[in-house]
Amino acid sequence: METVSPALSKLGADVVARMAQEAMAGGSLVPLQLLASQFYEAVKAELDQTPRHEAYKVVALAAAADQCRRSAQNCSSPHL
């Protein structure tokens, strides 16, 4: 049973790696937010395309999108 597509999983890993590089290099908050928004939009798109009868996947994607929203609201500096 596949919870998310391999493409979304790869995008998430790529975004996390790029964000880590930016943060370690002292990057500003805006580029970090732009990187994170790519993943958030991909999660939302996959959620919209997921049939509702695949409840396990809908729940996982909705939780990921919610976590992205909460993280964005709580982020006030690259250190966070």
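**Before you start**

Residues are numbered from 1 along each chain as its sequence is written. In this predicted model, local features need pLDDT of at least 70 and side-chain atom pairs count only at pLDDT 80 or more, while totals for chains, interfaces and linings use all residues, and side-chain values use heavy atoms, with hydrogens and water left out.

**Stop 1: the whole chain**

Show the chain as a cartoon. Of the 80 residues, 20% count as buried, where buried means under 20% relative accessible area, exposed over 50%, and partly exposed in between (1.4 Å probe, protein chains only). Among contacts between residues at least 6 apart in sequence, 55% join residues at least 24 apart; a contact means heavy atoms within 4.5 Å.

**Stop 2: α1 against α2**

Select residues 6–24 for helix α1 and 29–49 for helix α2. How do they pack? Their angle is about 170 degrees, and their axes are 9 Å apart. Axes are lines fitted to C-alpha atoms, for helices over the stretch in contact, and angles run from 0 to 180 degrees between N-to-C directions. The two helices are therefore roughly antiparallel; angles under 35 degrees count as roughly parallel, over 145 as roughly antiparallel, 65 to 115 as roughly perpendicular and the rest as oblique.

Now show side chains at the contact: α1 brings residues including L8, V15 and R18, and α2 brings residues including L35, A36 and F39. The contact residues divide into 12 nonpolar, two polar and three charged.

**Stop 3**

Click on V15, in helix α1. V15 is buried, with a relative accessible area of 2%. Setting aside residues up to four places away in sequence, V15 touches L35, A36, Q38 and F39. Try the distance tool on the C-alpha atoms of V15 and A36: they are 21 residues apart along the chain and separated by 6.8 Å.

Next, pick R18, also placed in helix α1. Is R18 buried or partly exposed? At 37% relative accessibility, R18 counts as partly exposed. Beyond its neighbours within four places in sequence, R18 is in contact with L35 and Q38.

**Stop 4: the nonpolar core**

Select L8, Y40, V43, L47, V58, L61 and A65, the seven residues of the largest nonpolar core. Such a core is a set of buried Ala, Val, Leu, Ile, Met, Phe, Trp, Tyr and Cys residues joined through side-chain atoms within 4.5 Å. Helices α2 and α3 each supply at least two of the core residues. Zoom in on L47: leaving aside neighbours within four places in sequence, L47 contacts R52, V58, L61 and A62.

**Stop 5**

Finish at T50, in the loop between α2 and α3 (55–74). T50 counts as buried, at 6% relative accessibility. What does the side chain of T50 reach? It reaches the backbone oxygen of E46 at 2.6 Å.

K57 counts as buried at 12% relative accessibility, and a polar contact of 3.3 Å joins the side chains of K57 and E46. A polar contact is a pair of N or O atoms within 3.5 Å; within protein, one must be able to donate a hydrogen and the other to accept it, and residues adjacent in sequence count only if both atoms are side-chain atoms.

Key
Helices (H or I, at least four residues) and strands (E, at least two) are DSSP runs, numbered from the N terminus. Ala, Val, Leu, Ile, Met, Phe, Trp, Tyr, Cys and Pro count as nonpolar, Asp, Glu, Lys and Arg as charged, and the others, Gly among them, as polar.
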